Amino acid sequence: MDFGFDARTEELREKLLAFMDEHVHPAEAVADEQRAALDSPWRTPPVVAELKAAARERGLWNLFLPDAEHGAGLTNLQYAPLAEITGRSPQLAPTATNCAAPDTGNMEVLAQFGNAEQRERWLKPLLAGEIRSAFAMTEPEVASSDATNIETRIRREGDEYVITGRKWYISGAMNPDCAVFIVMGKTDPDGDDIRRQQSMVLVPRDTPGVEVRRAMTVYGYEDHWHGGHAEVFFHDVRVPVANLIGEEGGGFAIAQARLGPGRIHHCMRLIGMAERAIELMCRRAGTRTAFGRPLAAQGVVQQWIADARVSVEQLRLLVLKTAWLMDTVGNRGAHTEIQAIKIAVPRTVVGILDRAVQLHGAGGVSQDFPLAELWAGARTLQLADGPDEVHQRSLARRELKRFAPAQP
């Protein structure tokens with residue numbers, strides 16, 4: 001395993017680091033001011049369009065897509081350090097570079113499974129950053145950590161599908177620029193194979209019967225930067241059969257294909273969040289005094305910072321190994337490592353952020369520092385893309401199977 005980054009990755013890293021320092025970080029306060037002045041908190045501040053233009057001009061656009069026809073053509077190992085850098089400003093940097101979820105996963109689905117018409121109508125404007133999208137899977141009435149529980153129905157009537165169901169925590173759906181949903185539901189609810197019951201269909205937001213009812217909060221945050229997390233009702237929504245992605249019964253497999261790269265992206269951005277937390281801890285510790293000594297001289301503070309550095313280095317190596325395996329043996333071959341990073345990274349980064357909040361005192365839970373919002377985002381990722389316990393269960397089964405007694 002060679003984790004030395006190639007010349008192209010190093011060039012992009014240097015460009016992206018400069019872009020963050022010169023454009024993104026200075027725009028954070030500007031974006032907050034602009035959002036406060038907008039008539040709707042869900043609208044995108046004007047400075048984001050400026051950041052997008054600057055990113056495109058520098059070739060920092062669609063970096064996540066390995067398909068060179070649509071994106072930068074980077075491997076997972078090449079993109080991983082770039083995702084980490086954007087994680088230092090998760091509110092702005094992923095959107096500025098058109099690498100923000102859920103659009104990234106949706107673009108991957110359309111690029112891999114969409115037909116020519118679907119790619120022309122939806123993938124093309126998504127790649128250009130002209131529209132946003134949402135992925136509608138999670139439901140409030142069932143344990144959505146088991147996707148086979150989904151109750152939304154997609155029944156065929158002639159040349160149309162009729163969709164009925166209730167979804168929630170649908171990321172991005174509150175943003176007025178969200179133009180389309182990828183909806184997962186059951187086309188064959190009574191089928192013998194529970195993993196062939198689900199399908200995915202494209203539903204334009206303005207389709208009659210689509211009701212975006214309310215924004216769900218995340219630890220009290222409405223998460224305006226990511227377009228909110230909406231509760232959405234589908235009241236006998238009718239779309240053409242041509243809006244089916246892939247084949248009937250292929251929804252579960254498509255969802256699994258969508259999640260692998262997404263977990264790498266989330267974990268690398270989380271490491272970027274942890275790096276920012278360490279930086280903030282060090283700056284705070286060097287400028288504050290308590291009980292006659294600088295915080296930086298307090299043994300417990302030094303322990304927090306040292307432990308955080310060790311943890312980040314361990315996490316980074318595990319994620320880079322996972323990215324390398326995905327590139328060399330595929331997502332199935334990297335299954336154990338994908339689950340391992342999904343367990344380890346959010347949990348560890350939450351701990352680092354928690355210490356950073358503690359070190360900042362009241363400031364740590366305030367809006368004057370990004371730490372509280374970063375903590376809420378990191379903690380939520382212990383639930384999103386499958387809760388920790390699901391990954392632990394699957395990973396443990398694979399380990400146990402390796403050492404199971406031979407059957408006669």
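Which residues lie nearest the centre of the second largest pocket? The legends below take up this pocket and then other local features. This is a predicted model, in which local features need pLDDT of at least 70 and side-chain atom pairs count only at pLDDT 80 or more, while totals for chains, interfaces and linings use all residues. Residues are numbered from 1 along each chain as its sequence is written, and side-chain values use heavy atoms, with hydrogens and water left out.

**View 1. The second largest pocket and its lining.** Asp32, Gln91, Trp225, Gln367 and Glu373 lie nearest the centre of this pocket, which is lined by 18 residues. A pocket is an open set of points, on a 1 Å grid over the protein atoms alone, where a 1.4 Å probe fits and protein lies on both sides within 12 Å along at least five of seven lines; lining residues have an atom within 4 Å of a point. The space in the second largest pocket is about 470 Å³, a volume being the space filled by probe spheres set on the points. Helix 1 (residues 7-37) gives the most to the lining, with three residues; helices (H or I, at least four residues) and strands (E, at least two) are DSSP runs numbered from the N terminus. The lining has eight charged, five polar and five nonpolar residues, where Asp, Glu, Lys and Arg count as charged, Ala, Val, Leu, Ile, Met, Phe, Trp, Tyr, Cys and Pro as nonpolar, and the others, Gly among them, as polar.

**View 2. The packing of helix 3 against helix 7.** Helix 3 (residues 76-86) and helix 7 (residues 251-287) pack with their axes 6 Å apart, at an angle of about 45°; axes are lines fitted to C-alpha atoms over the stretch in contact, and angles run from 0 to 180 degrees between N-to-C directions. Tyr79, Ala80, Pro81, Ala83, Glu84 and Thr86 in helix 3 are in contact with His265, Met268, Arg269, Ile271, Gly272 and Glu275 in helix 7, contact meaning heavy atoms within 4.5 Å. By class, six nonpolar, three polar and three charged residues take part.

**View 3. The cis peptide bond at Pro102.** Ala101 and Pro102 are joined by a cis peptide bond, with omega about 0°. Pro102 is placed in the loop between helix 4 (93-96) and helix 5 (103-113).
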